[in-house]
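Welcome! Have the sequence and the 3D view ready, and try each exercise before you read its solution.

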Amino acid sequence: LDIDICGPSQPTMLGVQSEQVTQTSLGWQPVYPVDNLGVISIGFMLSSSDDAVIWRGPKKNGMIKQFLKDVHWGDSLDYLVVDCPPGTSDEHLSIVQYLATSSVDGAVIVTTPQELSLLDVRKEINFCRKVGLPVLGVVENMAGFACPKCTTVTNIFPTTTGGAEAMCRDMGVRLLGRLPLDPALMKCCETGEPYLAGIHTHPDDEELKQEIGKESAGRAALRRVMEEVVSALG
């Protein structure tokens, strides 16, 4: 569920930007990049990807409520992952209020190593605490550059205050992992191709194990972050 109303990016990242949401007797039908993953975003409803969404709070809130009420995800929904914009504004308040009775598992907060980013993330952590939303943990993105040739990770953004690790320690939250800059990830986000092995295909366990063993530093880091998120969910 993409509730970044003014900057919807999920259709492009999942390679379905040319698709449209259809209306059925059961409600809005999500777009399915793969059989077991549906996505709904205002990006599917724009006539052009360059169109600006210029809405005030009430209209944003109404769209988020409609997404929650009118989308038919099928007979069962295993997980609802909500992609939020940065900050602590209308979208965040709306989704927390509308899901207040749904026992939300928690939030995963993403930062970069710079103090300017950490300043905002501290506010987001405190926002979650004030509204009673558990924080599963923090992911530090752009934590160095992963060379595609030698796989060496070099710190591009020096951490003047200790980065996400120090912030998590000070605020008592879990550091889920650090993701390096990886050109391959950027390419996958722009083409909609899977970044990790075994996402769209299902080779036998031994073949998948060998493929994972040859993964780049960036892919290995993301896989560890996913494992940490699953662990935090209990």
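**Exercise 1.** Find what share of the contacts with a separation of 6 or more comes from residues 24 or more positions apart.

*Solution.* Start with the term: a contact means heavy atoms within 4.5 Å. Residues 24 or more positions apart supply 72% of the protein's contacts with a separation of 6 or more.

Before going on, note that this is a predicted model, where local features need pLDDT of at least 70, side-chain atom pairs count only at pLDDT 80 or more, and totals for chains, interfaces and linings use all residues. Residues are numbered from 1 along each chain as its sequence is written, and side-chain values use heavy atoms, leaving out hydrogens and water.

**Exercise 2.** Describe the protein as a whole: its helices and strands.

*Solution.* Helices (H or I, at least four residues) and strands (E, at least two) are DSSP runs, numbered from the N terminus. The protein has eight helices and nine strands. Its radius of gyration (taken over C-alpha atoms) is 19 Å, close to the 17 Å that the globule rule (2.2 Å times the number of residues to the power 0.38) gives for 234 residues, so the protein is as compact as a globular protein of that length. Along the principal axes, the C-alpha atoms fill a box of roughly 50 × 45 × 35 Å.

**Exercise 3.** Decide for Gln10 and for Ser47: buried or exposed?

*Solution.* Take the cut-offs first: buried means under 20% relative accessible area, exposed over 50%, and partly exposed in between (1.4 Å probe, protein chains only). Gln10, in helix H1 (residues 10–13), has a relative accessible area of 18%, so Gln10 is buried. Ser47 lies in the loop between strand S4 (37–39) and helix H2 (57–70); its relative accessibility is 75%, so Ser47 counts as exposed.

Next, look for partners. A polar contact is a pair of N or O atoms within 3.5 Å; within protein, one must be able to donate a hydrogen and the other to accept it, and residues adjacent in sequence count only if both atoms are side-chain atoms. The side chain of Gln10 has such a contact with that of Asp83, at 2.9 Å. For Ser47, the side-chain partner is Asp51, at 2.6 Å.

**Exercise 4.** Which residues of H4 are buried, and what do they pack against?

*Solution.* Locate helix H4 at residues 115–130. Its buried residues are Ser117, Leu118, Val121, Glu124, Ile125, Phe127 and Cys128. They pack against helix H3 (90–98), strand S5 (107–111), strand S6 (135–140) and helix H5 (163–171). Finally, just after H4, find Gly132, with a positive phi of about 75 degrees.

Conventions. Expected span 1.5 Å × (residues − 1).
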